[in-house]
Amino acid sequence: MRWLAWLVPLALLAGCASGPPAPQTAPPSRLQPSDELPPMKTFGTYEPAPVGRSNGQLAADFVELSFQMESGRALTRFTRFEGPVRVAVIGDAPLTLGPDLARLLDRLRREAGLDIARAGQNEAAQIVVEALPRREIQRYVPQAACFVVPNVAGWSEFLRNRRSAVVDWTRLQTRTRASVFVPNDVSPQEVRDCLHEEIAQALGPLNDLYRLENSVFNDDNFHPVLTSFDMLMLRVTYAPELRSGMLPAQVAEKLPSILSRLNPAGRPAGRAQPSVPRRDWINAVEAALGPGTSPRKREETAVEAVRIARDAQFPDVRSAFSYYVLGRLALGSDPELSLASFLQAGGLYGAAEGTEVQQAHVTMQIVAFALINGQANTALRLANNALPAVQRSENAALLATLLMMKAEALDLLGRASEAETVRLDSLGWARYGIGSDARVRARLAEIAALPPPVRAPEETTDRGS
C-alpha cells in the first residue's frame with residue numbers, strides 16, 4: 001500500500017521558508033498567468049542497475065518479503081499466479097495510465113521474465129486495475145494513495161467483501177484474481193507509481209521493508225518505479241522450482257540454486273545481514289508520517305524514531321531515514337534541527353552503497369536551505385550533483401523541483417538566460433510529476449519565493465558548475 005503521506009515531496013518548502021527571514025513580498029513565479037506550459041515530458045527506456053547484494057542476502061530478503069505482511073502478520077504458505085497473467089483496466093482511467101501500464105508490463109516481461117500482458121477482448125483478467133477518485137479510495141482506506149486486494153474483480157466487489165475473509169491475503173492457497181485501485185485525479189507520476197508498487201505486490205511480495213535501500217518494497221517511497229532488485233524478486237517468485245502452497249522452509253531450501261542460476265553475479269553466497277525487527281521503530285515512523293496527529297506530536301515521534309534507531313544500531317538505511325523524517329517534520333518549528341537532521345541523514349546515506357536516490361532527496365532539502373540563505377553556488381553544485389540519480393530513478397516531481405531550484409540559483413548568480421532554459425526544461429517534467437497547471441505554477445512560485453530579494457555579492461563572482 002503506497003502511503004499518502006509521501007505524495008507531495010515539496011510540502012517542506014512552506015515550513016522551510018518560515019525559518020530564516022523571508023522577503024516582505026514574494027518574488028514573481030517567473031511565469032505569467034497567460035503563459036502556456038510546455039508539453040509534458042516522459043521517460044524513455046529504463047536502464048536497470050546491478051543488484052549489488054550477495055545471493056545469501058537476497059535469499060533472506062526474499063523470505064522476509066514473501067512470508068510476512070506489512071502489518072507483521074505471518075504468511076504460512078507461498079502464493080503466486082500459476083499461469084499467464086492478464087491485466088484489465090476499468091473505471092475512468094487518465095490518459096497517461098495506458099502508456100505507463102504498457103511500459104510497466106514490457107519491463108515485467110523483459111526483466112522479470114513474466115508471461116503478462118493486457119487482457120484482450122473477451123479474455124479473462126487475473127489483475128484488474130480500476131481508476132477512481134482519490135476521495136473514494138480514502139473514504140475506505142484513509143492512509144492509502146492506492147492499494148491491492150486479492151480475490152475480487154473491481155471496486156464494487158471489494159466493497160461487498162472488504163470485511164470478510166475473501167480479501168485476506170493470509171487465507172490464500174494460490175492467487176487467481178487481484179484488484180489494484182489507483183486514483184484518477186492526481187499527477188501522472190502518482191498514478192504510475194501506484195501501478196508499479198501495487199501490480200508488483202499483486203504478483204509477488206506483499207511485505208514492505210524499511211531496511212531495503214533499492215526497492216519499491218519499502219514504505220520510505222524513495223523509489224517510484226520497480227528497481228533491478230524488485231525485478232529479481234519477481235523473477236524468483238515465478239521460478240519453476242517454486243509453486244503455490246510451499247512452506248517457508250521449502251522455499252528457503254530452493255533459493256540458493258534459484259539465485260545462483262538467475263543472479264550469477266551474486267556469487268558467492270555471502271552472509272546475510274541480520275534483520276533487526278523493531279516494531280516500536282516502525283510504529284514511531286508511521287505515527288510521525290500518518291494523518292490525524294498534531295505537528296508537535298509528529299515531531300516528538302520522529303525524535304523517538306531517531307532514538308530507537310540509535311539504540312538499535314541498525315546495520316542498514318533505517319537510521320538515515322529516521323533523521324530524514326525528523327528533518328522534514330522540524331522544518332516549520334526548528335530550522336536548525338531540521339538542517340542538522342538532513343545533514344546527518346545525508347552522511348548516513350552517503351556511507352551506504354546504492355543510496356544515490358535517497359541522497360538526492362536529502363540534497364533537495366539542503367538546496368532549499370542554501371537558496372533561502374542566498375548561497376547560490378552551493379545550491380547549484382548540490383543540484384547538479386543530484387540530478388543524474390534523479391533522472392535515472394524516473395522521479396519527474398523531484399527532477400522538476402531540482403531544476404526549478406537550479407534555475408533560481410542561476411538567477412542569483414546573474415545567469416538569467418541559462419536560468420530560463422533550465423526553468424523551461426523543468427516545466428515539462430513538472431506536468432508529469434506534479435500534475436495540473438495550477439499545481440505546477442504553485443510549485444514554481446513556492447520555489448521562486450525561497451531566495452533573498454537581492455543577490456548575495458559573494459555569490460555573483462564565481463559561476464559555479
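E394 counts as buried in this predicted model, at 4% relative accessibility, where buried means under 20% relative accessible area, exposed over 50% and partly exposed in between, computed with a 1.4 Å probe on protein chains only. The residue sits in the loop between α14 (376–393) and α15 (396–412); helices (H or I, at least four residues) and strands (E, at least two) are DSSP runs, numbered from the N terminus. Although E394 is not a glycine, its phi is positive, at about 65°. Residues are numbered from 1 along each chain as its sequence is written. Because the model is predicted, local features need pLDDT of at least 70 and side-chain atom pairs count only at pLDDT 80 or more, while totals for chains, interfaces and linings use all residues; side-chain values use heavy atoms, with hydrogens and water left out.

E394 also has a charged partner. Its side chain forms a salt bridge with R103, the closest N and O atoms being 2.6 Å apart, a salt bridge being a side-chain nitrogen of Lys or Arg within 4 Å of a carboxyl oxygen of Asp or Glu. The pair links distant parts of the chain, with R103 in helix α3 (residues 97–112) and E394 in its loop, 291 residues apart. R103 is partly exposed, with a relative accessible area of 23%. A positive phi of about 65° is also found at N122, again not a glycine. N122 belongs to the loop between β3 (116–118) and β4 (127–132), and this residue is exposed, at a relative accessible area of 79%.

The count of salt bridges comes to 31. One of them joins the side chains of K41 and D425, at 2.1 Å from N to O. Here K41 lies in the loop between α1 (12–17) and α2 (55–66), and D425 in helix α16 (residues 416–433), 384 residues apart. K41 is partly exposed, at 29%, and D425 is likewise partly exposed, at 28% relative accessibility. Another salt bridge brings R211 together with E64, at 2.9 Å from N to O. R211 is in the loop between α6 and α7 (228–237), whereas E64 is in helix α2, 147 residues away. R211 is buried, with a relative accessible area of 9%.

Turning to the cysteines, the structure holds one disulfide, defined as a pair of cysteine sulfur atoms within 2.5 Å. The partners are C146 and C194, with sulfur atoms 2.1 Å apart. C146 lies in strand β5 (residues 144–150) and C194 in helix α6 (residues 188–203), so the bond ties together parts that are 48 residues apart in sequence. The torsion about the S-S bond is about -90°, so this disulfide is left-handed. Both C146 and C194 are buried.

What of the nonpolar interior? A nonpolar core is a set of buried Ala, Val, Leu, Ile, Met, Phe, Trp, Tyr and Cys residues joined through side-chain atoms within 4.5 Å. The largest has 71 residues, and those with the most contacts inside it are W281, F321, Y349, L371, L402 and M405. Helix α15 gives the largest share of this core, 13 residues. Apart from it lies another core, of 59 residues, including V180, V186, L203 and F229. Contact means heavy atoms within 4.5 Å; leaving aside residues up to four places away in sequence, Y349 touches F222, V317, A320, F321, T355, Q358, Q359 and V362.
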